[in-house]
Amino acid sequence: MSRRAPRASIDPDTRKSWLRRAYPLVRAHRVLLISSLVLSFAGLVVQVQIPNLVRLGIDDAVVARTADLAPYVWWIVGLALLQGVINYLARLYLLRTAYEIEYDLRNIVYAHLARLPFGFYDRVQSGELMSRSSSDIRAVQMYLAFGPSILVQCTIAVVAFVLMLSINVPLAIIAMATMPVIGVLGVSMRKAIFPVSWLIQARLAHLATVVDENIQGVRIVKAFAAEGRQLRTLAASADRIRWAYLQDARIRSRWNPLLDNLPRLGLALVLLVGGIMVIDGGTTVGTIVAFNSYVLMLQPPFRMLGMMIMMGQRASASARRIYEILDTRSEVTDPPDPVDAALTGDIRFEGVRFAYPNGTPALDGLDLHVRAGETVAVVGATGSGKSTLGRLVARFYDVDAGRVTVDSHDVRTLRLARLRDQVGIVPDEPFLFSLSIHDNIAYGRPDATRDEVVTAARAAGADGFARALPDGYDTVVGERGYTLSGGQRQRIAIARALLVNPPILILDDATSAIDVAVEQQIHASLRRAMRGRTTIVVAHRLSTIGLADRVVLMDRGRVVASGTHRTLLRNEPRYGRVLAAQGAAAA
Ligand SMILES: Nc1ncnc2c1ncn2[C@@H]1O[C@H](COP(=O)(O)OP(=O)(O)O)[C@@H](O)[C@H]1O
Ligand SMILES: [Mg+2]
């Protein structure tokens with residue numbers, strides 16, 4: 001499965017309504033959608049004929065006996081078959097439209113997220129972001145694809161009503177009498193249920209985040225022996241969900257009997273009024289039977305009206321959140337005259353001070369020189385600023401004071417895209433897309449051949465397990481695909497970075513989840529991969545530190561010592577303490 005570019009994008013004009021902004025997406029698939037709608041309308045027109053044929057059959061062939069019964073039966077069977085085929089095709093096209101729209105929307109959001117600066121993650125947690133955008137995408141897709149189809153189904157009411165009017169005007173009005181009530185009740189019920197179902201969604205999402213945090217942060221949870229506290233949080237979250245579900249059931253039990261019995265009332269009315277008419281000779285038995293079918297046939301679309309309004313509300317809220325992501329632009333921008341330099345990777349931090357937009361100080365007078373081609377291991381306690389250091393090289397944020405230079409260019413003077421192309425960052429919890437292994441590795445270079453992808457995977461130690469997967473490199477990973485372990489994800493991410501072959505490589509705890517034994521196996525290839533480029537590796541393990549030419553020790557946002565592992569161990573008590581705290585001594 002290869003990734004195709006989305007056919008359209010969301011209209012960037014934020015003044016437009018969400019539907020107008022989403023319109024290009026629907027337009028891109030209009031042939032499919034319109035085919036499906038036309039077919040679905042044709043199917044309904046055929047369906048509406050059937051009760052009428054039943055009426056003629058009963059009146060002419062059964063009651064009056066002026067005609068043969070068999071042709072009516074054959075016609076009805078024929079039309080039912082035709083309707084079945086048409087509906088099948090209509091549904092097929094509709095589902096395909098929905099799938100295509102979802103696919104596009106997903107790719108638009110993912111591509112945007114991949115481009116988004118880290119600044120965005122300060123406000124929204126990435127885990128929540130992903131799970132949230134998945135269900136949001138589905139809500140929008142459902143409405144865009146199924147909304148028009150429900151509308152078409154409602155038009156069938158008009159067609160059927162016209163047909164009934166042509167048969168018997170008073171009875172037609174009686175038969176339709178309960179429909180508006182069903183419509184109004186359906187809408188009211190949805191309105192009553194909507195806030196609750198919204199609550200359920202939100203609480204389920206919250207639960208997912210709690211679970212996610214526990215999985216992602218399992219090391220921290222364990223380190224602080226916080227299992228009990230986490231379990232209580234989980235239980236409280238589950239309790240709130242149960243309460244919302246109970247509310248939901250309560251509201252449904254109040255409305256559903258009403259909604260279920262109204263059509264029966266309609267049937268009774270048709271029988272009563274129609275029966276009196278038949279007795280008076282005003283109409284025929286066949287008409288009553290046919291009208292009864294219409295009453296039953298028409299109520300689902302009216303009930304769906306309520307559903308559609310609810311879907312619309314949900315889709316609009318979801319769309320707002322998706323647009324919030326898509327409308328986020330980077331605060332870091334290109335300078336007026338950007339320098340397009342091919343970098344060798346001589347990195348300097350000069351008196352860098354930096355606090356995150358939320359005010360958290362991260363770097364406080366950081367001075368560091370990493371020579372081109374050098375491999376430096378960065379060691380420090382959690383929160384000492386190691387990750388921040390890497391982010392500033394790729395200029396995900398701008399410094400508050402001091403400067404970061406690469407090859408003597410202040411990063412703020414370089415063309416941003418060119419700079420980021422030349423700085424490969426592998427985070428400790430890399431993000432994989434719901435794409436094949438191949439496409440995930442080739443993410444930064446979609447034109448890469450399979451050979452190149454395999455070479456990169458080999459260097460990152462990902463080739464072995466990739467081959468062993470059900471579809472090898474074509475196995476789709478992620479949400480609805482194959483689940484990889486943390487270490488496997490990291491190796492994919494390392495391969496992804498190596499494939500781009502950047503002069504600067506930043507491994508931010510990028511091997512933390514890889515098995516010690518496996519890490520040993522890939523050390524040789526990692527060492528080879530680091531040769532000829534500047535590598536900053538945030539490390540906890542002695543084995544990883546061993547890959548570096550030099551170690552720098554960070555403490556509270558600055559470099560406090562630098563040297564070889566041996567000299568630091570001998571001369572710098574803080575170094576030994578940090579390593580011991582991180583369990584490195586044991587490894
Ligand atoms: N995205 C962020 N938004 C706000 N504060 C952050 C963010 N990332 C890190 N910090 C804070 O900045 C400080 C340095 O963090 P970081 O560079 O991640 O340290 P390390 O990687 O050494 O654990 C910490 O106090 C941390 O809480
Ligand atoms: Mg970090």
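## Briefing: domains, helices, sheets and ligand shell

The protein chain is assigned domain 1 (18-117 + 125-326) and domain 2 (347-430 + 504-581); such bounds come from an automatic or database domain assignment. The C-alpha centres of domain 1 and domain 2 lie 54 Å apart. This is a predicted model: local features need pLDDT of at least 70, side-chain atom pairs count only at pLDDT 80 or more, and totals for chains, interfaces and linings use all residues. Residues are numbered from 1 along each chain as its sequence is written, while chains are lettered from A and ligands numbered from 1 in the order in which they are written.

**Ligand 1**

- The shell around ligand 1 holds 14 residues; the closest are Tyr356, Ala362, Lys386, Ser387 and Thr388. A residue is near a molecule or strand if its C-beta atom, placed from the backbone, lies within 6 Å of it.
- Helices (H or I, at least four residues) and strands (E, at least two) are DSSP runs, numbered from the N terminus.
- α10 gives the most, with three residues.
- By class, the shell has nine polar, three nonpolar and two charged residues. Ala, Val, Leu, Ile, Met, Phe, Trp, Tyr, Cys and Pro count as nonpolar, Asp, Glu, Lys and Arg as charged, and the others, Gly among them, as polar.

**Helix packing**

- Helix α2 (residues 30-63) packs on helix α9 (residues 285-326) at an angle of about 160 degrees, with the axes 8 Å apart. Axes are lines fitted to C-alpha atoms, for helices over the stretch in contact; angles run from 0 to 180 degrees between N-to-C directions.
- That makes α2 roughly antiparallel to α9. Angles under 35 degrees count as roughly parallel, over 145 as roughly antiparallel, 65 to 115 as roughly perpendicular and the rest as oblique.
- The α2 and α9 crossing is right-handed. A crossing is left-handed if the near helix is turned anticlockwise from the far one by less than a right angle, and right-handed if clockwise.
- Helix α8 (residues 227-279) and α9 have axes that come within 10 Å and cross at roughly 160 degrees. α8 and α9 are therefore roughly antiparallel to each other.
- The crossing of α8 and α9 is right-handed.

**Four-stranded sheet**

- An open sheet runs in the order β2-β1-β4-β5, with antiparallel pairing. Two strands pair if DSSP finds at least two bridges between them.
- β2 (361-370) and β5 (409-410) are at the edges with a single partner strand each, so one side of each is left without a neighbour in the sheet.
- Seven bridges join strand β1 (residues 347-355) to β2 in the antiparallel sense. Val352 has Leu366 in β2 as its bridge partner.
- Five residues lie between the strands in the hairpin of β1 and β2, where Gly359 takes a positive phi near 100 degrees.
- β1 also pairs with β4, antiparallel, over five bridges. Arg348 stands opposite Thr405 in β4.
- Strand β4 (residues 401-406) is joined to β5 by two bridges, again antiparallel. Here the bridge partner of Thr405 is Asp410 in β5.

**Six-stranded sheet**

- A further open sheet has six strands in the order β6-β7-β8-β3-β9-β10, with mixed pairing.
- Its edge strands, β6 (423-426) and β10 (558-563), each pair on one side only. The twist averages 20 degrees from one strand to the next.
- Strand β9 (residues 550-555) runs antiparallel to β10, joined by five bridges. Met554 has Val559 in β10 as its bridge partner.
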